[in-house]
Amino acid sequence: MPSVDRPGVKGVYVELPESLLTDARAFAADRGEKFNRVVAEALRRHMAYPPPKPEPQPEPAPVPLPGGAEEPTVAKKPATKKGKRS
């Protein structure tokens, strides 16, 4: 988290694999850039040129039960979208 509040800047906690964090810090140092700037630029680039969305997984077929009945299907809860609150 930032030690000083700056307008338009928010701190965030993100868990990263240790090797990725080490490599990213070394990358920033080799370029003479701040780590935060490298991460922000990587996020901007990723959002500007996103990889293809993953294909949705098909729902599994019902399992036939003895006697010709089928396993009951379970109703799914509607997905909620995380993000900014209005």
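## Helices

A helix here is a DSSP run of H or I that covers at least four residues, and helices are numbered from the N terminus. This model is predicted. The protein chain has two helices and zero strands. Helix α1 spans 18–31, and helix α2 spans 35–48.

## V38 in helix α2

V38 belongs to helix α2. Is V38 buried or exposed? The cut-off for buried is under 20% relative accessible area. V38 has a relative accessible area of 14%, so V38 is buried.

A24 is 14 residues away from V38 in sequence. In space, the two are 7.9 Å apart, C-alpha to C-alpha.

## The chain's surface

How many residues does the protein chain have, and what share of them counts as buried? The chain has 86 residues, and 2% of them count as buried.

## The largest pocket

The largest pocket holds about 1200 Å³ of space. Its lining has 25 residues. Closest to the pocket centre are K10, V12, N36, V39 and A40.

Which helices supply at least two residues each of this lining? Both α1 and α2 do. The largest share comes from α2, with nine residues. Now sort the lining by residue type. There are 16 nonpolar residues, three polar ones and six charged ones.

## Rings and charge

Next, look at the aromatic rings. The count of aromatic pairs is zero. One ring does have a charge over it: the ring of F35. The charged end of R25 sits there, 5.7 Å from the centre of the F35 ring.

Note on methods. Residues numbered from 1 in each chain as written. Predicted model: local features only at pLDDT ≥ 70, side-chain atom pairs only at ≥ 80, totals over all residues. Heavy atoms only, no water. 1 Å grid on protein atoms, 1.4 Å probe; cavity = no way out; pocket = protein on both sides within 12 Å on 5 of 7 lines; lining within 4 Å. Points joined across faces, edges and corners; volume = space filled by probe spheres on them. Nonpolar A, V, L, I, M, F, W, Y, C, P; charged D, E, K, R; others polar. Buried < 20%, exposed > 50% of the residue type's maximum accessible area, 1.4 Å probe, protein only. Phe/Tyr/Trp six-rings, centres within 6.5 Å; stacked < 30°, edge-to-face > 60°. Lys NZ or Arg CZ within 6 Å of the ring centre and 35° of its normal.
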